[in-house]
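Dear colleague,

I am passing the structure on to you with this message, and my notes on what was found in it follow below.

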Amino acid sequence: MKVSNIKQHERYFNWKYTEGAQLVGRYDFPLLQAVNQMPHDLVPFHLAKYEKESACKWPHFYIEDYRFASFVQNAFRYFDLLKKFEGCIGPDCSMYMDMPKPQQIMNCWFNYAITYAMQSNGITTVPNACWGDLESLNWAFDGLPEDSILSLTTQGCLKNPECREVLLTGMKRLVKVKHPTALLVYGRFPEAWRDLLSVPITICKPYCDMKWGK
């Protein structure tokens, strides 16, 4: 083992994302700020630079990971762009059920660490709730604020019965432990689940559905 030179490595390993943060939970995730402004008029991050009416739009990261990989590695570079928008939804680095646990933890950390950096730099950012397998529910919500609007996506989770069950179980746990004031759900949402969650839910159709009417 060796001791790192913090100044030499902090940029490469992105430690500055959580500078000054209160760290909580099993894996020292940063504690995020509560937000009570519901996002609307969402635009995918990779199209944000082309958006002409940015003042009333909200970039989101519910897109393929490769489309925002450069953002994850150097988010500060994009903050001036994001500050032109009314607000933003936190990153959504994928957490798959069959993904190795260390990678689930790493992607969850990036999601919350970058959200913390965005909030700390004056960008209104609604935290994105994410989880992988059932075991991840023991730590994946550490850092999320209580009594806040939270966002999540159902994309890719509804067709497979096991994924569907883990999604619903995770949403129930999220509501129980973080009691959000409302949930923004990006993607399709079974109407029967509303009564199971007892929290106001706003559904946002995927960008492709809105653009091409699917």
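In strand β8, A182 is the bridge partner of I149, and β7 and β8 (residues 182-186) pair in the parallel sense over five bridges, where strands count as paired if DSSP finds at least two bridges between them. The chain crosses from β7 through α5 to β8 in a β-α-β crossover that is right-handed, a term used if, with the strands pointing away from the viewer, the path from the first strand over the helix to the second runs clockwise. Helices (H or I, at least four residues) and strands (E, at least two) are DSSP runs numbered from the N terminus.

Please keep in mind that this is a predicted model, in which local features need pLDDT of at least 70 and side-chain atom pairs count only at pLDDT 80 or more, while totals for chains, interfaces and linings use all residues. Residues are numbered from 1 along each chain as its sequence is written, and side-chain values use heavy atoms, with hydrogens and water left out.

Five of the five residues of β7 are buried, that is, under 20% relative accessible area with a 1.4 Å probe and protein chains only. From this strand I149, S151 and T153 point one way, and L150 and L152 the other way.

A pocket here is an open set of points on a 1 Å grid over the protein atoms alone, where a 1.4 Å probe fits, with protein on both sides within 12 Å along at least five of seven lines, and lining residues have an atom within 4 Å of a point. The largest pocket has a volume of about 730 Å³, taken as the space filled by probe spheres set on the points, which are joined across faces, edges and corners. Of its 32 lining residues, D92, S94, T153, Q155 and G156 lie nearest the centre.

Turning to the aromatic residues, a search of the whole structure finds 16 aromatic pairs, meaning rings of Phe, Tyr and Trp (its six-membered ring) with centres within 6.5 Å, called stacked under 30 degrees between planes, edge-to-face over 60 and tilted for the rest. F45 and F71 form a tilted pair, 5.0 Å centre to centre with 55° between the planes. F45 lies in the loop between β3 (42-44) and β4 (58-60) and F71 in helix α2 (residues 69-73), so the pair ties together parts that are 26 residues apart in sequence. Both F45 and F71 are buried.

With best regards

Terms used. Buried means under 20% relative accessible area, exposed over 50%, partly exposed in between (1.4 Å probe, protein chains only).
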